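Work through the exercises below with the sequence and the model open. Each task is followed by a solution in steps.

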Amino acid sequence: MSFFTHVDPRLRGALEAEALRRQGEPGEGLPRGATVVLAGHRAAGKSTLLPHVSALLGRPAVDLDAHLEALHGRSLRVWVRDDEPGFRAAERAAFLALPAGAVVAVGGGFLAHHPDALLGCVTALVPVTFETYVERLSANDARPRLRPALPLARELDEVWREREALHRRARTCSLVDLCLMASRPARPRRVVTLPPGAPPLDWARRASAAGAELLEVRTDLTPPDADLAGAAAVLPLLVAERGAPLPSAWRALASLLDGAGGALHSWHAEAPVSPDEALAHWRDVPPGAQVKHVEPLGDVRDAGRLYETQRRLRARFGADAVTVLATGPCAGPIRALLALDNALDYLALDGGFAAAPGQRLLADAVRASRGARVDPRARRLGILGAPLAHSRSPRVHAQPFDRLELPPDADVAALLEVLRPHYRGFAVTAPFKQPVAAAVGARRPAVNTLVRGEAGYEGFNTDVEGAVATLSALTARTLERRVTALGDGGATHALAEAAAPMGLGLTVMTRATAGPVTTRGAVWTWPAPLGAPAGLRLDGVIVAVIAYGAPARAIAATVRALGGTPLRLGPRWFIAQARRQRALWEAST
């Protein structure tokens, strides 16, 4: 935080106090490869701050005004006086031509004239008081006059007021925000892909609002006549050439080009490759290039080869230039771990479209990066199940918390073995409560919580706490000491374990034995996509629905159609079991 000694002395004390007060608060680190810009009024001290911020971040420094003078061999004072429009055009072009990832101090008018050029950058507003601004500019006649026909005092007042209004409209962060981001682990830039048929502008707006930082547009997914100009004004475009030729209009709009002549070089291997084979493929790519290495995960037990490939590529091309991705139905957790050191993180905006099997949800990546208070490598949590788009676990538990959707036939025993060094615990939901219990040798037939121990994962069923809360609420309505469980999966095992100490009788109805329910109360445990089995009747039955969100609404509608009354108890079940999960994880190793 020593660079606060180089800001306006009138503001120095307040900035240092704010930085000290906010030190250690959760939030995001700087995105790898994104340009950091120091912007603000003339005489704010941007050029003075530049070498100190550059040293703090370990990134190259560029003073744009000095760069322009060297590039064109012209004095800025004379240039602005004689041809300000020409200067502004050259200023913009020179900035856009800079390689990504540097720390750039821009001139006093840049933020007012070119705010759209800063899209995708981390722009810190260097503060200055009006008094200091006037003092510095009045004492320095080497700076160009912007309105020489006016008295200097009036010029300074008018320009200050106009640019203050424009600065307020621009997307910037404070110097304290920049300092805090610099103190946190760097993170990848978040990329979402435009799906086939999606309106580019609407999708870009949704993605930007959700936390995306680049919009990938692929030639194999989007027609060549698509109008991308509006989307490019909302999110920087990563244009990818995939089979179909790249339209020239797209190339002109691209902030990052993945294809012939682009800064990003991609290789999508058809089969898993060894680190040696990967390095051999990338041998002829010049150092300094950005590389994207994609390959199928293959056997989950062999995931370590991807970490080694990533390590070796980063050693060759640089920490901010490498992205290694796994694809496949079980690739989600491996992608989450690779993302810790990737330059780019390719994510799904929602559960409706994923550009590759194994992509994580954008919301999970954003939440994890903003909420982690400690090294995410040490305290990672996740939930195993399918489907998981509506799971609330990532919203209520400590971050990072990964939503790891897997195919029903996934080899969970092998996956847990591979993930144990990286994840201190998991929530487990359908259809894995019973397979996971068997995989970890749990005493119970079904578990919903795994806690990492010295010898492996230990299984718990905190659903029992959820079942107690649900059965208490249900029987208070039915005034009957017997309940029917609709289904025989993991949730029913929790209901059975909870019912006995409560003095309740439990009848289990499977899909094969479905018929009219004879108790006054029942608990629906089947996943919403399964629907109701043939023959099920719920006339006059109060049915506890232990799902939540859209699945709960679908189940409730089915219950009504079968003559029953739905009782929405999903949040009650979830909160009770989540509290117990949290206590177990907090005590884990």
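**Exercise 1. Is Gly-487 buried or exposed, and what is its relative accessible area?**

Solution. Step 1: the relative accessible area of Gly-487 is 0%. Step 2: buried means under 20% relative accessible area, exposed over 50%, and partly exposed in between, with a 1.4 Å probe and protein chains only. Gly-487 is therefore buried. Helices (H or I, at least four residues) and strands (E, at least two) are DSSP runs numbered from the N terminus. Step 4: list what Gly-487 touches, not counting residues up to four places away in sequence: Thr-492, Val-508, Met-509, Thr-525 and Trp-526. Contact here means heavy atoms within 4.5 Å. Step 5: Pro-527 is 40 residues from Gly-487 in sequence, and their C-alpha atoms are 9.5 Å apart in space.

The model is predicted, so local features need pLDDT of at least 70 and side-chain atom pairs count only at pLDDT 80 or more, while totals for chains, interfaces and linings use all residues. Residues are numbered from 1 along each chain as its sequence is written, and side-chain values use heavy atoms, with hydrogens and water left out.

**Exercise 2. Describe the setting of Gln-581 in helix H23.**

Solution. Step 1: helix H23 covers residues 570-586, and Gln-581 belongs to it. Step 2: with a relative accessible area of 1%, Gln-581 is buried. Step 3: once neighbours within four places in sequence are set aside, the contacts of Gln-581 are His-397, Ala-427, Asn-448, Thr-449 and Thr-462.

**Exercise 3. How do the axes of helices H18 and H19 cross, and which residues make the contact?**

Solution. Step 1: two packed helices are described by the angle between their axes and the distance between the axes. Step 2: for H18 (residues 412-419) and H19 (residues 433-440), the axes come within 9 Å and cross at roughly 60°. Axes are lines fitted to C-alpha atoms, for helices over the stretch in contact, and angles run from 0 to 180 degrees between N-to-C directions. Step 3: H18 contributes Val-412, Ala-413 and Leu-416 to the contact, and H19 contributes Pro-435, Val-436, Ala-439 and Val-440. Step 4: sorted by class, the contact of H18 with H19 holds 7 nonpolar, no polar and no charged residues. Ala, Val, Leu, Ile, Met, Phe, Trp, Tyr, Cys and Pro count as nonpolar, Asp, Glu, Lys and Arg as charged, and the others, Gly among them, as polar.

**Exercise 4. How many residues has the largest nonpolar core, and which have the most contacts inside it?**

Solution. Step 1: a nonpolar core is a set of buried Ala, Val, Leu, Ile, Met, Phe, Trp, Tyr and Cys residues joined through side-chain atoms within 4.5 Å. Step 2: the largest one has 55 residues, and Leu-38, Leu-64, Phe-95 and Leu-178 have the most contacts inside it. Step 3: helix H9 (residues 175-183) supplies the largest share of this core, 6 residues. Step 4: a second, separate core has 40 residues, including Trp-282, Leu-406, Val-418 and Tyr-423.

**Exercise 5. How many disulfides does a search of the whole structure find?**

Solution. Step 1: a disulfide is a pair of cysteine sulfur atoms within 2.5 Å. Step 2: the search finds 0 disulfides. Step 3: take Cys-173, whose nearest cysteine sulfur, that of Cys-179, is 11 Å away. Step 4: Cys-173 counts as buried at 15% relative accessibility, and Cys-179 counts as buried at 6%.

**Exercise 6. Where does Ala-43 lie, and where is Leu-479 found?**

Solution. Step 1: Ala-43 is not a glycine, yet its phi is positive, about 70°. Step 2: Ala-43 sits in the loop between strand E1 (36-39) and helix H2 (46-57). Step 3: Leu-479, also not a glycine, has a positive phi of about 55°, and its loop runs between helix H20 (463-478) and E19. Step 4: Ala-43 counts as buried at 5% relative accessibility, whereas Leu-479 is exposed at 73%.
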